[in-house]
Amino acid sequence: MKGKSFLWQNKRLMAHILFRHRDIPDINKLDVYKKNGGFAALKNAVTKMKPAEVTDVVKNSGLRGRGGAGFPTGMKWSFMDSKSWPHYVLANADESEPGTFKDREIMENNPFQFLEGVALASYAVGANLAYVYLRGEFWQVAAFLDEKLAEMEDAGYLGENLFGTDYSLKIHTHLGAGAYICGEETALMESLEGKRGQPRVRPPFPPSVGLYGKPTVINNVETLTNVPLILANGADWYKSMGTADSAGVKIFSLSGRVRKPGNYELPFGTTFRQLIYENGGGVQDGRPVKAIMPAGASSSLIVVDDKTLDTPMDYAFVRTLGADLGSASVIVIDDTVSIDWVINKTIHFFKHESCGKCTPCREGNYWMRHLTERIHSGNGYSTDVDLLLNVAKQMQGKCLCALGEFSTMAVVTGIERFPQDFKKAVKA
Amino acid sequence: MSKQVTLTIDGKQITVPDGTLVADAAKLAGIDIPVFCHHPKLEPVGMCRMCLVEIGRPMFDRATGQIVMENGQPKIQFMPKLETACTNPVSEGMVVLTQTAKAKEGQKGTVEFLLTSHPLDCPICDKGGECPLQNLTMEHGPGKSRFIYDEKLHLDKQVPLGELIWLDRERCIQCARCIRFQDEIAGEAVLGFDERGRNTQIVSLSDPGFDSVFSGNTTDICPVGALTTADFRFGARPWELKAQASICTQCPVGCNTTLNTRREAKAGGDIVIKRVMPRQNEEVNEIWLCDKGRFAHHYVGSKKRLARPQIRKDEKLARASWDAATKLAAENFSASKKDFVILASGRLANEDLFNLKSLADHAGGRAILYSDMGGGDLTALVGVGAGTNLGKLGEGDAILVVASDLYEEAPIWYLRVKQAADRGAALIVANPRETKLDKFAKFSIRYSYGDEVKAVNDFGKKSKISDEFAKAKNAIVFFGSEGLGLNGTSAVASACADLLKETGHIGRASNGLIGVWQRANDQGAWEVGLQPEEDLAKALKGKAVYIVGTDPVGDDPKLAKALEGAEFVAVQDILETATTEIADVVLPAQAFSEREGTFTSGERRVQRFYAAVPPTGDSKPDFVITSMIAKQMNIVLEGTSVSVVFDILANSIEAFTDLSYAKLAEVRPQWPIVGRGDVYYGGTTYENKHGLGVQLVPAAQVGGTVRIPKVKKEAVLRPKEKELLAVPVNKLYDRGVTVSPAELLDERVGEATVSLHPEAAERLGVEAGARVKISFDGVSGEAVVKIDDTISAGVALVPRSMGIAIKEPVAAKVK
């Protein structure tokens with residue numbers, strides 16, 4: 001396979017790695033997937049490799065978590081506490097970040113590659129049981145995955161004694177009940193255990209105390225979908241793509257005021273300009289880009305100029321712009337949009353989705369919602385903007401999980417980086 | 001001893017056990033880190049974000065693994081963010097800063113956030129004055145609100161979670177202490193959160209609402225005025241209340257309590273009990289109290305309290321002087337010589353019982369304990385050793401509960417046994433039906449009613465369960481009176497004592513036998529020499545009877561008939577009862593809340609209680625009345641000072657030898673630290689300043705050979721065809737005289753019931769909820785059918801003290 005199906009030129013992707021359904025019709029059928037090299041990596045790993053060797057390949061590939069935090073995947077796997085058993089693997093398919101819609105496309109169109117990734121992760125950490133946790137609205141996806149899991153079981157890629165070895169694996173799907181917070185890894189585990197979906201205090205971290213109190217690896221769907229090809233083609237192959245900081249490819253969910261919104265699988269290091277203008281067909285009505293939210297509603301607002309547009313997108317470079325790449329849900333905002341409207345939208349979302357467990361997030365978002373609403377509706381005073389900024393900062397660094405922290409990002413950067421939009425919005 | 005860790009908090013160096021949380025370590029160092037969700041008895045959750053502090057740890061050189069030094073001191077690396085003191089365990093060399101501008105800013109921010117949605121109705125809030133939110137707002141909060149009042153979220157302010165506990169949704173700060181108490185401590189997850197975000201609400205998940213006998217504790221640990229009791233709600237302001245130490249009289253656990261009292265216009269200017277609060281005793285009730293103990297206190301203020309001595313004249317009771325009443329009693333007692341019988345209950349204090357026993361001994365009469373439970377001689381012999389603490393049992397220890405439903409009979413023991421099981425102690429529950437404790441048991445043993453002794457003796461045989469019990473480091477056996485009368489309980493106690501002796505679990509702390517008595521001081525009665533009588537009717541008939549603190553006429557028609565034929569009846573009690581109605585002399589006694597004295601708990605801990613309210617009318621303490629009668633009989637008994645009676649008692653009863661009244665009032669530092677000045681940490685539970693009590697040393701711990709008397713159990717009763725074996729079971733909320741005056745508990749007391757197996761119900765053609773008549777042995781009564789498929793088809797469960805006089809297993813007809 002190596003060097004044959006994947007042609008690279010000037011870091012431009014010729015064939016997809018994750019969205020292989022865009023190149024290969026019917027890859028969601030087991031025989032088609034198999035014909036295109038499917039399950040070879042799994043078979044090779046289970047029959048010929050030690051679990052630690054699988055982890056090492058992933059570690060060396062430089063693969064980082066695609067859920068938003070960008071934590072090195074192989075390193076996460078190597079943290080699993082070997083004194084406590086059983087181990088679990090969870091696939092986080094709770095894709096709920098406004099502006100993110102990549103995992104759904106993978107699961108609906110290239111399910112086997114994703115599930116093979118789950119199986120490889122399970123083998124690597126010695127888990128005999130894995131769960132795919134999907135947001136409640138993905139019930140059709142879950143039903144589809146159940147079919148695919150049954151097919152895999154029939155074909156001997158799941159179940160007892162895989163490939164005649166003593167390794168056994170079961171994968172189950174599980175539906176959430178409609179809470180954004182359940183995408184947070186510990187809240188997801190609580191929900192999976194049948195409890196109220198609220199985050200746990202960390203530490204301890206999942207690789208030592210996770211699902212049912214046992215060591216658990218939890219990875220995003222996109223992350224896991226990378227794994228079969230990394231195992232098939234080797235760490236160096238994967239590292240040859242992307243940037244020094246961020247290896248490989250990433251799916252960018254492009255939305256907002258662009259002509260062609262959608263998912264684009266591109267190597268890390270692709271510039272904003274290329275994504276927006278070449279892939280996305282440019283901004284609607286040809287207007288200039290004013291701001292970018294690179295990580296959905298949880299994102300900081302980036303002020304856009306030529307330098308910004310030419311910044312290569314990877315975890316490190318985006319940070320130089322005062323934002324995080326996160327799940328790479330790039331929301332494009334043009335000059336027809338006022339930022340006070342944007343943050344009113346994001347705070348509405350976070351106020352609705354705050355789980356209520358910790359005080360700053362529960363009370364802070366409720367308070368901020370009143371302020372953004374007042375400001376946006378033109379009933380606010382200039383002191384309200386200062387107060388809003390102050391409340392947001394008062395939340396920062398005090399919340400139990402990242403949700404509360406993220407809810408403040410657009411508010412703080414919006415007010416600090418686009419002050420003119422707020423001067424317009426309020427009474428003197 | 002566990003590993004010790006030294007750290008510095010605000011410049012103060014302190015050494016604490018490894019694993020201690022920073023918030024608790026600070027508390028030990030005398031530094032109060034403000035908390036809301038954190039409670040030292042609950043698992044940390046880090047929800048409220050009140051305890052934000054700066055935490056630094058020594059820096060390690062990655063290459064060498066050595067601590068990096070700077071100017072001769074370890075270099076401390078502080079985390080960029082504030083951390084919660086309640087979730088971070090201490091580590092060696094840690095530096096905690098609670099007072100820096102950054103930490104203060106964090107704490108102030110949390111208070112401000114909490115107040116944005118708080119109604120600030122302190123002036124009408126029951127918690128006002130002892131409210132953590134109020135206190136911490138004063139200390140850490142902003143002086144001025146930046147949140148517009150009109151934007152406050154308004155929610156329901158009067159939500160009954162059950163009939164005992166009310167929720168004010170506006171005041172709730174979502175700390176989940178109540179939910180976590182029910183989940184973790186009580187093991188009954190009857191509360192939960194509904195909705196999310198700012199709409200998060202506490203809801204009851206059970207039917208009936210808040211179905212737990214521990215519900216009142218949630219109001220103590222609630223850090224705001226969200227949860228209040230139906231009993232105290234809008235009853236008084238905390239600062240108007242006086243506090244007096246007491247002991248709960250509702251069951252043998254002997255929970256330490258505080259009686260809060262106030263002079264009240266509604267009570268005609270009298271000083272009355274406004275509420276009963278737990279008082280910390282980590283070896284007895286920790287900081288908890290069951291709802292019976294908390295809410296059943298109303299009988300002491302009942303309209304039916306006896307206030308004046310009375311003498312029967314022309315068939316009617318008429319007011320008399322103390323002199324005349326005691327003289328009449330004394331004359332009759334003296335005249336009847338050996339036919340003088342004292343019938344006293346375990347509701348009385350040690351000093352009362354001691355004087356009664358002394359009177360019987362000097363006058364040549366007999367003192368009988370009013371109880372249908374035996375085995376008190378054995379708990380004195382092989383009872384739990386001095387130094388026993390259920391709170392220390394765990395991994396490697398074993399607890400056996402036989403013929404007792406601890407949840408109904410002694411809730412705090414249930415709580416403590418459950419937690420011992422949580423800590424890893426092997427809990428073995430042997431009962432003919434499923435009880436709430438089974439959920440936490442490692443082994444559940446089901447035997448048939450009547451086979452109790454056999455079930456215990458089977459422990460002698462080799463099995464996985466008996467092995468675990470025999471090998472346990474420490475083992476305790478609780479025996480009760482489920483399905484058993486006097487003979488049955490005596491036999492079971494003997495079998496249990498044998499088992500403990502055979503397996504070497506006697507004569508040491510945390511080992512031995514505990515009786516789950518029906519009254520608070522039954523153990524004390526046994527200690528001073530009172531014993532129950534198998535054929536009580538016969539023992540009373542034709543005698544001059546001195547009945548103290550009990551109502552045999554109301555309890556049992558057979559006893560009523562026996563007393564009709566008595567020579568003379570003097571009744572000494574606190575309340576009007578069916579027995580006072582037939583009395584020749586009525587002597588009004590003071591309630592436990594009106595005097596002082598001591599009780600001996602089931603764990604044989606002697607504890608003092610104190611006078612909290614003035615006496616009712618001319619009533620006197622029982623031991624005083626007894627000494628007045630004795631005096632008229634030319635018998636000298638101490639009748640002035642309870643402490644003198646206690647010291648005489650201690651001198652004459654071996655088990656009490658080393659005790660003195662003063663020693664019982666001694667206290668030691670306890671963990672967690674609770675106190676009125678710092679209600680936010682432990683809750684509104686009272687600090688113990690009036691005595692932790694002293695545990696008696698059982699004979700087996702003193703040394704010498706222990707001989708367990710064999711008790712022959714009567715043959716198992718075999719009911720005839722068309723009959724069922726009616727067996728007594730115990731119910732927490734019953735119709736006893738010390739419960740029914742609390743109207744609040746009516747719903748929980750409910751109606752008399754009879755529990756049947758589905759098959760038995762089908763045979764009788766009745767369904768759940770049907771009204772049936774149950775009759776046996778001259779007794780009959782109506783009861784509502786309950787279905788229980790964990791019992792056998794041949795039995796009918798009849799709760800004691802619910803209007804149907806059942807003392808022991810009996811063949812009964814159900815129609």
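Predicted model: local features only at pLDDT ≥ 70, side-chain atom pairs only at ≥ 80, totals over all residues.
Residues are numbered from 1 along each chain as its sequence is written, with chains lettered from A in the order written. Local features need pLDDT of at least 70, and side-chain values use heavy atoms, with hydrogens and water left out.

**View 1. A hairpin in chain B, made of strands 15 and 16.** Helices (H or I, at least four residues) and strands (E, at least two) are DSSP runs numbered from the N terminus, and two strands pair if DSSP finds at least two bridges between them. Strand 15 (residues 256-264) and strand 16 (residues 270-278) of chain B run antiparallel and share eight bridges. Look for B:Arg263, whose bridge partner is B:Ile271. Five residues lie between the strands, and B:Gly268 in the turn has a positive phi of about 70°.

**View 2. B:Asp220 in helix 5 of chain B.** This helix covers residues 216-221. B:Asp220 is buried, with a relative accessible area of 4%; buried means under 20%, exposed over 50% and partly exposed in between (1.4 Å probe, protein chains only). Among the residues that B:Asp220 touches, leaving out those up to four places away in sequence, are B:Lys127, B:Arg294 and B:Thr684; contact means heavy atoms within 4.5 Å.

**View 3. An open sheet of seven strands in chain B.** Follow the order 18-17-28-27-26-19-20, where the pairing is mixed. Strand 18 (316-319) and strand 20 (366-369) of chain B are the edges, each pairing on one side only. Strand 19 (residues 340-344) of chain B pairs in parallel with strand 20 of chain B over four bridges, and B:Ile342 has B:Ala367 as its bridge partner.
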